[in-house]
Amino acid sequence: MIHNLEPVHASKPINFSKIFKRIPFYLLVSTYAFVIILPLLTLFSASLRSDADLYAPTFLPPRFTLEPYRLALTSYPLGSYLLNSFLTSSLITLGVVITSSMAGYALARVKLPYRELIFGAIVGLLLVPGEITFLPLYLHVNSLGWLDTYTALIVPFIASPLGIFLMRQFLKSLPQDLFDAAKIDGAGHFRILWHVAIPLASSALGALAALTFLGAWNMYLWPLVTTQSKEMQTAQIAVSNLVSAEGSQWNVVAAGAILVLLPTLVAFLVAQKAFVSGIALGGLKG
Amino acid sequence: MKKVLIAGTLVALSMALAQQNAKTEIQFWHSMGGVLGERVEGLVKDFNDSQTNTMVKSTYVGSYDDGINKLLAGIRAGKVPNLIQVYDIGSRTMVDSGAIEPLENIAKSNNFDLEQFVPQPRNYYTVDGKLNALPFNSSNPLLYMNTAMLAKAGIQYRNSWRLSDLEAAARKLTIKDASGTTLRYGIAIPIDSWFVEQFSYNSGEYFCNNENGRKARASEMNFTNPADVAFVDWWARLVKDGVMANIGRSGDNAQAAFAQEKAAIVAQSTASLTGLLKLVGGKFETRTAFFPFLKERNGVAIGGASLYAMKGQSAEELKATWGFISFLLKPNSQAKWHLGTGYFPVIKGVAALPNVVQAHVKQPNFQTALRQLETTKVNNYSAGCLAGAFPEIRQYVAGAIEEAIKGKPAAEALKDAKAKADAALDRYNSAIKK
């Protein structure tokens, strides 16, 4: 009895001091989180103000109004822009997930000639900045007659060196026994990929998907340059369309930004874990 | 009955489709976002509704810089629009690109009398003796004044300001607390090379050599002229004394400071008029005045952007492009554009239209830019500087203002910036020669 009670008694003061010790840490983290979220809250607050209240020095809008949202949705075809963004981002993500898991599997588990060399070349591609390939890629897409189509917005991005790198590293870290067992049971490469590799790599794939979606969603220059008509433009272009060089209606811009931000925000909340592990895996790249 | 209806609808549909196919479609790229973008789209819609065989497809292509990048990529691929909007300082580059069809050629072949243009915007876009582009959205810089504050400080409103008078007024308008911290600034100007350029012109100085690059290609910048040195020195002094708000490079900050009554006077483009009045929202009376000058007022150059027709269009397309351009030049379109945005009409006689006169009586601020334009001397000062690499040069000038504010003597800051700007201009000019 006494023996049982003792640890309970002893653990209480320890817990207390542990909590006490954590206070500064949480204080610091909360402050940091607040600093990060403040611009977002300010944006949200601005999106609920009328023109005249825009610069009123209060955190909350003096008078709530949804007028900026109405303007953003009616004056600009934000809906069709959002649909384009959603379609292209989803298909790019799907493409990257498929190509990365297949290539990653091949590079990690299939005995190919010059496998390391191929992998080295793919890693090397990570070092090539997008600015260098931009114009050649544009000319290539043009010669294929793809300008101003969804194809131009999607196809160039359905394979990603980062994705292949991530999947190869992840699949390599799994025990070889699993793959051997599947092989002994008579599974071919596709079956192994589908029934062994992909289920085991689902966390890595989820992270990759989340990162890819975010990256595709935020693309600006490529869709701007390759599209020729309004019907093909994406949400990021719509946001920039709300901004005027000679002074903008920032409340409408804010409302538009919130509307464009919303899908990624929702995606983040749903796939928060995947996002965090993805950033931990990838180190960077958003 | 039903069948007849269906058949009728089908016939009508196919006729509509056939008509659709017969239409000449032209691509128009513009960089007007926000309210200005809505106004452009409005004009395009008006035009399309009035046409049976021409259709303008307008596309917003991002900022002016984005638009130029898109165009450059397009030139490589042979995918260019029929008409594109390019900012004022891209004029030299557009002419040098050789990818444009000068407006003067198109206008002449359509028997359009160029004398209908207001001379200053026409001058600005005339390069090597030819009008190259349609001055579409043309603006000039204004002072926006809070008249309630002016009245309280006992300052009489007037539209013409010498720099020294503006300083005296700004000092009077400044309110400081006991410790010397400024509570309200007399004036705020965004750190933007454009205002330095305009101060050159307005004081009768060239911003770049060879008479603003109008007599021959500019080979050197000239912003170390006495007017600009005085202006930047004035700027730095006023910031140091807490009379001018240092609001950074964004024009939006100037508008915010003005609307929040943190600054009594701000310098902004006339194109900001509609937006700024909206921000003020009737809290106080706003009056606009001409841009300041050093000793004697010459008048300013225009800013804004123009529309270029691209080379290589079929005769049919060119005809449609001209159709759209001449629609934009119609007095009614010009009036609509002017009153909807604050940009001024570029065709003579628009200000005399009854609806424009009426609007000017209701909102006299719309007149200031026009008056400033009318009273501007037509010469190579007010033609504005024409130089390559202008976007880069602007960065150096803005940097020089910042250096001066930090304490570097204005003359020295501008001299250092000139060295960098001249190098950029050299690079551009030698690349063109090749």
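## Where the two chains meet

In this predicted model, the contact between the chains draws 33 residues from chain B and 26 residues from chain A. On the side of chain B that touches chain A, the elements giving two or more residues are helix H2 (34-50), strand S2 (54-60), helix H3 (64-77), helix H12 (251-259) and helix H13 (273-280) of chain B. Sorted by class, that side of chain B holds 11 nonpolar, 14 polar and eight charged residues.

## The fold of chain B

Chain B has a secondary structure of 20 helices and 14 strands. Its radius of gyration is 24 Å, close to the 22 Å that the globule rule gives for 434 residues, so chain B is as compact as a globular protein of that length. The C-alpha trace of chain B spans about 90 × 55 × 35 Å along its principal axes.

Of the 434 residues in chain B, 51% count as buried. When contacts in chain B between residues at least 6 apart in sequence are considered, 75% of them join residues that are at least 24 apart.

## The nonpolar cores

Which residues have the most contacts inside the largest nonpolar core? This core has 166 residues, and those with the most contacts inside it are Ile187(B), Ala188(B), Val232(B), Trp235(B) and Val266(B). Leaving aside residues up to four places away in sequence, Val232(B) touches Val196(B), Ala400(B), Ile401(B), Ala404(B), Ala410(B), Ala413(B) and Leu414(B).

Methods. Residues are numbered from 1 along each chain as its sequence is written. Chains are lettered from A and ligands numbered from 1 in the order in which they are written. This is a predicted model: local features need pLDDT of at least 70, side-chain atom pairs count only at pLDDT 80 or more; totals for chains, interfaces and linings use all residues. Helices (H or I, at least four residues) and strands (E, at least two) are DSSP runs, numbered from the N terminus. The radius of gyration is taken over C-alpha atoms; the globule rule is 2.2 Å times the number of residues to the power 0.38. A residue is buried if 20 or more other C-beta atoms lie within 10 Å of its own, exposed if 12 or fewer, and partly exposed in between; C-beta atoms are placed from the backbone. Two residues are in contact if their C-beta atoms, placed from the backbone, lie within 7 Å. Ala, Val, Leu, Ile, Met, Phe, Trp, Tyr, Cys and Pro count as nonpolar, Asp, Glu, Lys and Arg as charged, and the others, Gly among them, as polar. A nonpolar core is a set of buried Ala, Val, Leu, Ile, Met, Phe, Trp, Tyr and Cys residues joined through C-beta atoms within 7 Å.
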